[in-house]
Amino acid sequence: MRAGLSIGLPLANARAICPELTVYDADPAADLKTLNDIADWCDRFTPLVALDPPYGLFLDITGCAHLFGGERALLQIVTNALSRRGFAVSAAISGTSIAARTLTRYSSGQIVADGAEAAAVGPLPVSALGADAAVTIGLRRAGLKTIGDVAARAPHEISARFGADFTTLLNHALGRGDAPISPRKPLPDYIVEKRFPEPIATDTVIALTLSSLAKMLVAAMDRQGKGARQLEASFFRTDGAVRAIMVETGRPVTRPEMIDRLFRERLDALNDPLDPGFGFDLIRLAAGRTEIVVQQQRDLDTTVHDNDEISALIDRIAARIGGKRVVVHLPLESHIPERAALALPAQQHLAAASAAAWPERVTGEPPLRPLRLFERPEPIKVPFASVPDGPPHQFTWRRALHAVVRVEGPERIAMEWWKQDGAALTRDYFRVEDAEGQRFWIFRDGLYESELRDEEGRPVPANWYVHGLFA
Amino acid sequence: MNGARTGTLASLRGSIARIEAPSEAAMPNRIALGHTSADAMLRGGLAPAALHEVFAAGHQGGAATGFIAGLAGRVSARKPLVWVRQDFSDRENGALSMRGLAELGLDPRLLVTVRAADVDSGLRTAADALACDALGAVVLEVWGHARQLDLVASRKLTLAAQASGVTALVLRIAATPIPSTAETRWIVRAAHSPPGNAACAWGAPRFEAELVRNRHGPVGRWIMEWKCDECQFSEPSAHSQPVAATPAHRPHQAQARAGHRLAS
C-alpha cells in the first residue's frame, strides 16, 4: 500500500511501480489453514465461529461481549491481537453477519447498532457486498454505484434483473432479515473455562485446573440431570495455537473423578505431548454430547454395578489407546466364516454385544469351527491329492511340511452369489490333523470340473489355503 | 558373629514368608481344572487371583490358545473376560474366532477384546483391566520374545491380580520362558487324537500340557482333553467320538455278530 500497490493490481503493473518486489505464488491451501488457525484462536471469544473463505471469519458474539468488557473492547482485543501477529485486520460489529462483512470491506472498527445497518452500509460501493463479479459489474453499468442507490430502487426491479439471491444478500446487508452463520463446530451442550492472567505451563497446574473444571462441569450438568458422552478439553496457548483433546465414553459420565481420570489417561498416551510453549492462558472443558442419566438402584443388583465398572474400564482403556482398539463381537447373518462376526467398538456396542444371539453349538460334537481364524486365508502348497476333489496327503504351510494323518470333510461352503458377481469360488473345507497333532482348517478354492477351468475350458489346478487353526 | 548371622537369616526368612503370605492366603478357593492328577498336583486346582503363564511349544499357537481359553473358561465362571492381543499376533496366528470360542463352550458375549499396538500398551492395559474386580479373567497374548515382560512386569501383574481377585493369564507364542512371578507355567503342544479310523473325525481338543513351574507344589506332564460341553478339562478318552454305552440287556456285540453269522 505504501509503495502505491493495491489488491487486484496485475503483476506486471506492480513490478513496474515497484521493481524490487518479491513475488510469492498464491497458496490457497496454506491460506485456508491459516484462516482455520485464526478461527481456532477466535474460539476463545465465542463457540460460534464460522469461516467465510477466502479470508473472512464470522463470530457470533451474542451474549459474549460483556465477558470482555463490551463490544468496543472486544473489537479492540481481536484487532490488536491479530495486528500484532502481522495480519492486516478489518473488523466490524453489526446486527447481521452480512452487514458486518460489508462494513469491513472499506474500514475497520465500526460498531453499528441494531437497526442502523441501512444507514451505515448505504454510502459504501456495491462491490463491498461481496456479490458475484457479474452482478457487481451489472450494477455499476446500471449506474448504481453505492449500496444506498441499489436499496433505493424497488425490490422487484432488482430481483428481476439480478436474481433473488442478490436481493436476499442486499436485505441482509441492510439489516432486514438475517441468515444464521454455519459454525465450524457444533455448539457443545456445556462449557466451562478458566482464564489465566499469567499463563500456566506446569503439568501440576494443568491437572489441577482440569479437575476443578471437571467439578464445575459436573455441577452444571447435574442440575439438569445430564451426563457427558463426549468431552473436549481445549488448551489455548498464549501464542495463539490451540490444542483440543477429545475423550468419548460409553456411558454418560457424572463423576468429576472419572472425567479427571479419562483426561489423565488420554494426556499420558498422547504421541505428541501437550506442549505448553510459553504457557496456556485459557483452558476450556466442554461437554459436546450429553445424555439424561437414569439413576439405578445399586445396592441390591450387583450386575448393574459390575456393568458400570466394566464400561468405566472400557472408557479408560479407550481413552488411552483409542476407542477402535477396544472391541466387542456381534454375530452376522452369514455362513462365510470370515464374515460371521463383526468387531465393533465396545464403548458404543457393549449392551448389544451382551444380548447378542450366537449360534448354539451342537452338543456332543467336537469343535466344527477353528479357534483362530486368519483374516486372509494363507496359501499352502499341496503336491497332489489322491482323488481330484479329495483332501491332500500333505501340505506345505509357512515352509514347513505337514503330513495329513486325519481328515474330516469336505464341508462345502458356497459364496454368497446374490451379493457378488460370481467372482468368488465355492470352497471345500477339510478339518485335518497332522502327524504332530496340530489341527488345521484348510480349503480348496473352487470345484473341479465346473469352476476350475480356464477360458478354453481346460481344467486348471486348484489353490489350497489354510484358513484357521483348531485348538 | 555366628549368632548374628543366624538372626539375620531368620529375619530375612520371616520377611520372605510375609511377602509370600498373600498367595498362601488365597489358597482355599482353588478352581479345579477337571483333570484329576493335574488337580492333585496343583493341590485342588488353579489358584485364582494369581498370574499363570502358558507357553506355546514352538509356534503351535492353536493348541496353546485353546488351552488358555480353557483355563479362562474355568476361572472366569460366567464373568466377563478381557483378552488383550497385539496386532501382530492377529496376523501371525489368526484372530480369535468367536464361533470357535463358542464351539469350545465359552460365551462370546462375555468377551471384550483389546487390540494393543505393542507389548508396552498391552501390559499397561492388562494391568488396568486386572484392577477391575467385575472381570473373571484377563488374558494377555504376547507374540515373540518380549523383553518388556520381565520380572518387574510380571510382579506388577501378580500384585494387581492379588489386589482385585481377578486371574491373570499370559499366553506366549514363539517365546522361551524367562524368570517371572507366575504361580504356574505351562508349555502346551497339540496331542494326537486317539488311534482309530483315519477317515473318522477327531474328537475333543487334546493338549499335551507340561507344568514346568508350580510355586506351591511339584510339576508334571499330562495329556488333557477339553470337554466342550461340560466346559472343563478331563483325562484323555480312548475313543475320538462319544461311544454309546454297552446295552446291559443285550448280548455282547461280538457274540451277537457271531450269532448272526451262524444263522446266515
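The model is predicted, and local features need pLDDT of at least 70, side-chain atom pairs count only at pLDDT 80 or more, and totals for chains, interfaces and linings use all residues. Residues are numbered from 1 along each chain as its sequence is written, while chains are lettered from A and ligands numbered from 1 in the order in which they are written.

Chain B holds eight helices and 10 strands, these being DSSP runs numbered from the N terminus, with H or I over at least four residues for helices and E over at least two for strands. Of its 264 residues, 45% are buried, that is, have 20 or more other C-beta atoms, placed from the backbone, within 10 Å of their own. Among the contacts in chain B with a separation of 6 or more, 74% join residues 24 or more positions apart, a contact being two residues whose C-beta atoms, placed from the backbone, lie within 7 Å.

Where the chains meet, chain B gives 52 residues and chain A gives 47 residues. On the side of chain B that touches chain A, the elements with two or more residues include helix H3 (61-76), strand S3 (95-96) and helix H6 (119-130) of chain B. The residues of that side divide into 29 nonpolar, 15 polar and eight charged, where Ala, Val, Leu, Ile, Met, Phe, Trp, Tyr, Cys and Pro count as nonpolar, Asp, Glu, Lys and Arg as charged, and the others, Gly among them, as polar. S3(B) pairs in the antiparallel sense with strand S11 (residues 372-380) of chain A over two bridges, pairing requiring at least two bridges found by DSSP, and Leu96(B) in S3(B) stands opposite Arg372(A).

Chain A is assigned domain 1 (30-173), domain 2 (191-294) and domain 3 (372-469), with bounds from an automatic or database domain assignment.

Methods. A residue is buried if 20 or more other C-beta atoms lie within 10 Å of its own, exposed if 12 or fewer, and partly exposed in between; C-beta atoms are placed from the backbone.
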